[in-house]
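Here is a briefing on a two-chain model. Please look over the sequence and the coordinates before reading on.

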Amino acid sequence: MTPFTLSEPQRHLEAQIRWQPVELAFWLATLLPFVFAPNYLVLASQIAITALFALSLDLILGYAGIVSLGHAAYFGFGSYTAGLIAKWGWGEPLTGLAAAAVAAGVLGYATSFIIARFRHLALIMITLGLGLLLAEAANSAGWLTGGADGLQGVRMWKLFGAFQFDLYGTTAYTYSLTILFLAFLLARRLINSPFGLALRGIRENAVRMPAIGAPSPAHIRKIYTIAAVMAGVAGGLLAQTTETVSLETLGFARSADVLVILILGGAGRLYGGLVGAIIYMVARDQFSGINPQYWYFWIGTLLIAVVLFLPNGVLGGLTRLMRLVRSAA
Amino acid sequence: MIASAFGVLFDGFAYGMLLFLLSVGLSVTLGMMNFVNLAHCSFAMLGGFVTVTLTNDLGWPFLASLPLAFLSAALVSIALERVLYRRLYGASDLAQCLLTIGIVFVSVAVAAYIYGTIQQPVNLPSYLRGSVAIMGQSLGVYRLFLIGVSIVITAVLVAALEFTRFGAQVRAAVDNQRMARGLGIDVDRVFAVTFALGSGLAGLGGALAIEIVGLDHAFAFTYLIYVLIVVAVGGLGSIAGSFVAASLLGISDMAGKYYFPELGAFLIYFVMVALLMWRPLGLFGRR
């Protein structure tokens, strides 16, 4: 019997799955705020949450090619679920987060049947419409959601009965970062599986995939539900770490922001959303001290520049630079 | 209740005509170039601010400021088309969406920088204020004026599209861009002119909108959603579709606000999603 050897395409896939040193460095660097910026841990936890949200959008937009202008619907739904459970007297974080995941997943599964039927402008408009519908519903149901005042009275218990969510954000950042890392491992495994390859096939040619026997609508429903769960978890984390939920979690601005973040970092790359979230949130933190109006001017200019000069985001630009340097050397 | 039902219908129709002016240009250019221009309402906002500046600061009469609102929006749109848009023809929907959202962000910030974040007032001449009684109904003069202007513009647009050489070129380019190029039509030039006309109409719509819906720095965002709904529901490249969709949207929005105020904008979003699920290409869409 001849020993089992890998063919050329298989070896290519193997190489993509292997952990690179730069990835390890990235995840080690996420621990730096504990040492060097202990006053910014609250911001760091917000960044981790935003990164998780951007990662969930990356799964459907970057890999399956579904452009969504209403992804905040699942974020906000998870946020309100986690917030309401804590408000009603069950403040245990992990089960609350699980409930947010389930709720957002059910909503995502229900809407995925609509999403899988449409493409192009109709799809963009339907995702936008569904997001707006949910935001309006939350606004109208003031008795449940607190309306424009936001959800008040969310009280979280200690994590594992030992770690209090404090003002410095130490627990919040540890908690958010751990969840982000676990979700990232899941996404990484998913993307490198045959299912992940099928998704990229749908992105490249939605008509040809069914022709070679891949059930595109079923794949889209599956990844859309997974992305909704992940967005719901991100929303739940925000509710739990800030102990409040506002209507803004469901708003169009949040859907647009996360899109900007993902494009800025580079869609279709697992680290795109993460890098985008870091750049965006840190820049916003610096600029908004001056005047929030100017922030929009700069983010708009940045967006135009990225679309014109860096079509694959910051990470795409870096990859190109690395290749140039290597071929020159 | 019957009297007020007529009033709601009238106000809703006037509002719908406003939405039609704001969106018809986007519908035609989207149908022709498949360019997703989310910054369309920024041109409308520009027209609005031109009118505000001319009437309030320079003392121009309101009617005289309207042509300038049209012209300034058209000129700025030509400049942007040359510098930015042209580079992205044939790029993905997503890239076009993002570029134009970037323009919206910039325009909103610039408007807030120059005019602040307050609602802008406009001085209407006395003959456009108040209301007249027609057949026992009290109708706002300004709304009648708005409906009149919109119907005249619609008639001119339809006639120009149907009966002029340029209109035939536009229709050919919307139906099949490659075939039109093959027949020797300069589609890029046709598109640039159509784009400028459409943006100009949006500028005019923005100027006319101040009295009805107000004008502030966030206008480009607030009305973007309404305009997109009109375009998506009406179908790309269809003037008749935009007209019907804008009327429907205006009337249902007004009726929703009047009869079910607690639902807010829920009703129109629901109508839009339902219509799109029934006909993904819009009511009059063909492809």
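**Helix pair in chain A**

In chain A, the axes of helix α4 (residues 41-63) and helix α12 (residues 216-242) come within 8 Å and cross at roughly 170 degrees. Axes are lines fitted to C-alpha atoms, for helices over the stretch in contact, and angles run from 0 to 180 degrees between N-to-C directions. Helices (H or I, at least four residues) and strands (E, at least two) are DSSP runs, numbered from the N terminus.

The model is predicted: local features need pLDDT of at least 70, side-chain atom pairs count only at pLDDT 80 or more, and totals for chains, interfaces and linings use all residues. Residues are numbered from 1 along each chain as its sequence is written, while chains are lettered from A and ligands numbered from 1 in the order in which they are written.

- α4(A) and α12(A) are therefore roughly antiparallel to each other. Angles under 35 degrees count as roughly parallel, over 145 as roughly antiparallel, 65 to 115 as roughly perpendicular and the rest as oblique.
- Residues of α4(A) in the contact include I49(A), L52(A), F53(A) and I60(A). Among those they meet in α12(A) are Y224(A), M230(A), L237(A) and T241(A). Two residues are in contact if their C-beta atoms, placed from the backbone, lie within 7 Å.
- This contact divides into 17 nonpolar, three polar and no charged residues. Ala, Val, Leu, Ile, Met, Phe, Trp, Tyr, Cys and Pro count as nonpolar, Asp, Glu, Lys and Arg as charged, and the others, Gly among them, as polar.

**Helix α9 of chain A**

- Helix α9 (residues 170-191) of chain A has 22 residues and reaches 31 Å from its first C-alpha to its last. That is close to the 32 Å expected at 1.5 Å a residue. The expected span is 1.5 Å times one less than the number of residues.
- Buried residues of α9(A) include Y173(A), Y175(A), L180(A) and F184(A). A residue is buried if 20 or more other C-beta atoms lie within 10 Å of its own, exposed if 12 or fewer, and partly exposed in between; C-beta atoms are placed from the backbone.
- The cover over the buried residues of α9(A) includes α4 and α12 of chain A. It also includes α3 (32-36), α6 (93-115) and α10 (194-204).

**Chain A overall**

- Chain A has 16 helices and zero strands.
- Its C-alpha trace spans about 65 × 50 × 45 Å along the principal axes.
- Buried residues make up 49% of the 329 residues in chain A.

**Chain B**

- Chain B has 11 helices and two strands.
- Its C-alpha trace spans about 60 × 45 × 35 Å along the principal axes.
- Buried residues make up 48% of the 287 residues in chain B.
- S150(B) is found in helix α5 (residues 141-163) of chain B. S150(B) is buried, with 24 other C-beta atoms within 10 Å.
- S150(B) touches M17(B), F20(B) and L21(B), not counting residues up to four places away in sequence. The C-alpha atoms of S150(B) and L19(B) are separated by 10.0 Å, though 131 residues apart along the chain.

**Contact between the chains**

- Chain A gives 30 residues to the contact and chain B gives 32.
- On the chain A side, α7 (120-140), α13 (252-265) and α15 (292-309) each supply at least two residues.
- α7(A) gives the most to that side, with 13 residues.
- By class, the chain A side has 22 nonpolar, seven polar and one charged residues.
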